[in-house]
Amino acid sequence: MKILVINGPNLNLLGLREPKIYGSRTYADLCSFIEDSCKELGVECELYQSNHEGDIVDKIQQAYGVFDGLVINPAAYTHTSVAILDAIKAVSIPTVEVHISDVDSREKFRKISYVSYVAKKKIAGLGFEGYKCAVEFLKEYLENK
Ligand code: CA2
């Protein structure tokens with residue numbers, strides 16, 4: 001089972017600012033956490049981060065026929081990107097949306113999520129742990145499909 005984990009804009013800066021919202025661990029720490037979680041769950045994973053919407057769309061398109069599941073934190077593109085929504089719809093890969101912070105208890109604009117229209121599940125406010133929950137969900141979903 002192969003899972004692609006995509007992180008969107010500015011998540012490469014984790015740990016550098018806004019520790020009250022996103023914690024003090026870095027993007028490298030997040031990558032290690034996801035890799036360790038996947039190993040523990042017996043799932044193969046690839047990690048990808050980009051600050052560019054089109055690059056994320058390209059990566060999702062390239063995932064077709066290669067990956068069984070997608071975990072995505074589209075970051076700010078969550079609230080704006082129909083292009084990312086359409087790419088996920090086009091490849092039809094089971095997807096879980098993850099947010100480190102509790103987007104629904106923050107500013108009003110963060111309640112809007114385009115990816116939610118296609119995601120099998122949305123996990124928010126659990127910090128890094130949310131990525132592990134997403135992989136667990138996908139594993140269970142794919143095994144019982
Ligand atoms: O809570 C999340 O995971 C978000 O997807 C993070 C995005 C934000 O736009 C979403 O509304 C919720 C922002 C990621 C920016 O990360 C930073 C890292 C270090 C310093 C400042 C921002």
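Me: In which helix does Val82 have its place?

Reply: Val82 belongs to helix α4, where a helix is a DSSP run of H or I with at least four residues, a strand is a run of E with at least two, and numbering starts at the N terminus. The model is predicted, so local features require a pLDDT of at least 70 and side-chain atom pairs a pLDDT of 80 or more, whereas totals for chains, interfaces and linings use all residues. Residues are numbered from 1 along each chain as its sequence is written, and side-chain values use heavy atoms, without hydrogens and water.

Me: Why is Val82 called partly exposed?

Reply: Its relative accessible area is 39%. Buried means under 20%, exposed over 50%, and partly exposed in between (1.4 Å probe, protein chains only); Val82 therefore counts as partly exposed. The C-alpha atom of Val82 is 6.3 Å from that of Tyr114, although 32 residues separate the two along the chain.

Me: What makes Arg110 count as buried?

Reply: The relative accessibility of Arg110 is 18%, so this residue counts as buried. Arg110 is located in the loop between β4 and β5 (121-124). Apart from neighbours within four places in sequence, Arg110 has contacts (heavy atoms within 4.5 Å) with Tyr22, His79 and Val103.

Me: Why is Ser92 called exposed, and why is Glu18 called partly exposed?

Reply: Ser92 has a relative accessible area of 61%, so it is exposed. Glu18 has 44%, and is therefore partly exposed. Ser92 lies in the loop between α4 (82-91) and β4, while Glu18 lies in the loop between β1 and α1 (19-22).

Me: What is the phi of Glu18, and what is that of Ser92?

Reply: Phi is near 50° in Glu18, a positive value in a residue other than glycine. In Ser92, which is likewise not glycine, phi is positive and near 55°. Most residues other than glycine have a negative phi.

Me: What makes a set of residues a nonpolar core, and which residues have the most contacts inside the largest one?

Reply: Such a core consists of buried Ala, Val, Leu, Ile, Met, Phe, Trp, Tyr and Cys residues joined through side-chain atoms within 4.5 Å. The largest has 24 residues, and those with the most contacts inside it are Ile3, Leu30, Ile34, Val71, Tyr131 and Val135. At least two residues of this core come from each of β1 (2-7), α2 (27-41), β4 (95-99) and α5 (129-143). Helix α2 contributes the most, with 7 residues. Ile34, apart from neighbours within four places in sequence, touches Val5, Leu47 and Tyr131. A second, separate core has 17 residues, among them Ile60, Tyr77, Ile84 and Ile93.

Me: How do you know whether the radius of gyration of the protein agrees with that of a compact globule?

Reply: The radius is taken over C-alpha atoms, and the globule rule is 2.2 Å times the number of residues to the power 0.38. For 145 residues a compact globule would be near 15 Å; the protein has 14 Å, and therefore agrees. The C-alpha trace spans about 35 × 35 × 25 Å along its principal axes. Of the 145 residues, 45% count as buried.

Me: What elements make up the chain, and in what order do they run?

Reply: The protein has 5 helices and 5 strands. From the N terminus on, their order is β-α-α-β-α-β-α-β-β-α. Among contacts between residues at least 6 apart in sequence, 76% join residues at least 24 apart.
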